[in-house]
Amino acid sequence: MVPRIASVVKKVAMGLAIVLVVFLAARVYESQRGPALHVWHTWTGQEMTAAAIDDATFDEYLQQEAAIFHDLERNVSETASDDAGVYNRYDPQSPVYPGHFDTNWNRSFVLMPTGQPRGAAVLLHGLTDSPYSMRALAEEYQRQGFVAVVIRMPGHGTAPGALTDVDWEAWLAATRLAVREATRLTGPQLPLELVGYSNGGALAMKYTLDSLQDKSLRRPQQVVLLSPMIGVTAFARFAGLAGLPAVFPAFAKAAWLNVVPEFNPFKYNSFPVNAARQSYLLTKSLQQQILQASRDHLLGNLPPVLTFQSVMDSTVSARAVVESLYRYLPDNGSELVIFDINQAAGYRPLFKPQVYSAVASLLPPPPRQYSTTVVTNADDATSDVVALTIPAGELTETTEPLGLRWPQDMYSLSHVAVPFPMNDALYGGEPEAKNRYGISIGTMSLRGETSVLIVGLDGLMRATANPFYPWMVQRIQRHLP
């Protein structure tokens, strides 16, 4: 019997080894077919470790950040002009070069209100993103009398190669640092808001859960999440394997899932394996912590969580927001806002059948421990939108006309659209100042043959701004302490 078991184990091990070899060979072949790596893919920068960030002041973090950007200019931008196109953020001659702008929104910043602050807001940007994505909301908090602290996460805002040498613990340490700075500027007695977009949403929740047990961490009065990364795709779990061939210099491109021209001044287009891996490790840790906190009856002390999520999201799992977070929340005033698809769009023949009922299949039946609001068409014959709200613990739905409409050419929001107003100069469909940052991505509407473009149509088709942003801001302000 024992020899038979040993034989079976040996055969299984051999089978797995063969599968792994085939996978790695395919991965090498696929990566080698892609575009060549540039200097901005191989430069990493000298970011602080998590331990160093925990020992640093905000000013010290900014000093190191300035040194990193100086090194970026010397070792990347000064060599990029011979290896770049017209729209390359690393070429000083390019219109999208951040050094041309009055403010480089790739860097950490603090906005102070007029007069005495009424509170503090810490805003955390997403993966491959930069503080620019939190700019509009930071300015809204500033107008409401809040100090707004927007920190650049390690590995971001510089060059995509920096994401090959960073870990999520450093991002969480940066979150703690931002809260310490907000507290220093306002004092511990004023309210604290924690706002997280995408990967920043995972960090906001992780920090808040940590604060339930660590008394040295200041607990926020409210958590606001936009397209939060509570769960990621199954592929991210195995992303580390995809990058294994990159240990050999000849196969360095295997460290990248996507190598794309860098024409966006405030966001990376290229995506390394390590970024996917770190996002998976962060969300795995977060989900385990939520479950354990629920078992330990700690969530009764959790502050209210207000979330804005597009029902259609190709980056994070909308279902994980419901099943891995909201199902465990107590009746503490939390609310989940879902942006439905445009039910009146003229593209119905092109929709997948399950899309029409996506919201109904996402939400459990009422009553729920949290309020739910669905932003959707008033009816299937109009583009006018309403907010359908069911308060926590109730069954009755109320309808609120929003006085807003779906744009004619938009059939849904997207993961990346939620935090940006329609007049955003970079991402808005109606930019207040077109090409202020060298390009207005939100106005692009391309028609032609698919083989011509150097970027994928999937990226160009995604909605990049939120037509319901004014209402979203009102909803956030209604919940301000």
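The model is predicted, so local features need pLDDT of at least 70 and side-chain atom pairs count only at pLDDT 80 or more, while totals for chains, interfaces and linings use all residues. Residues are numbered from 1 along each chain as its sequence is written, and side-chain values use heavy atoms, with hydrogens and water left out.

The protein has 13 helices and twelve strands; helices (H or I, at least four residues) and strands (E, at least two) are DSSP runs numbered from the N terminus. Of its 481 residues, 54% are buried, that is, under 20% relative accessible area with a 1.4 Å probe, protein chains only. The accessible surface is about 21500 Å², and carbon and sulfur atoms hold 55% of that area, computed by the Shrake-Rupley method with a 1.4 Å probe. Among contacts (heavy atoms within 4.5 Å) with a separation of 6 or more, 73% link residues 24 or more positions apart.

Two packed helices are described by the angle between their axes and the distance between the axes. Here the axes are lines fitted to C-alpha atoms over the stretch in contact, and angles run from 0 to 180 degrees between N-to-C directions.

Helix α6 (residues 168-186) and helix α7 (residues 199-213) have axes that come within 10 Å and cross at roughly 70°. The pair is therefore roughly perpendicular, the class for 65 to 115 degrees. On the α6 side the contact includes Trp168, Trp171 and Leu172, and on the α7 side Leu203, Lys206 and Tyr207 are among the residues involved. By class, this contact has six nonpolar, two polar and three charged residues; Ala, Val, Leu, Ile, Met, Phe, Trp, Tyr, Cys and Pro count as nonpolar, Asp, Glu, Lys and Arg as charged, and the others, Gly among them, as polar.

Helix α5 (residues 135-143) meets helix α13 (residues 469-478) with axes within 11 Å, crossing at roughly 45°. This angle makes α5 oblique to α13. Ala136, Leu137, Glu140 and Tyr141 of α5 touch Tyr469, Val473, Ile476 and Gln477 of α13. Six of these residues are nonpolar, one is polar and one is charged.

The buried residues of α5 are Arg135, Ala136, Leu137, Ala138, Glu140 and Tyr141. They pack against α13 and also against the strands β1 (109-111), β2 (119-124), β3 (146-151), β4 (192-197) and β5 (222-226). After α5 comes Gly145, with a positive phi near 90°.

How values were computed:
Buried means under 20% relative accessible area, exposed over 50%, partly exposed in between (1.4 Å probe, protein chains only). Angles under 35 degrees count as roughly parallel, over 145 as roughly antiparallel, 65 to 115 as roughly perpendicular and the rest as oblique.
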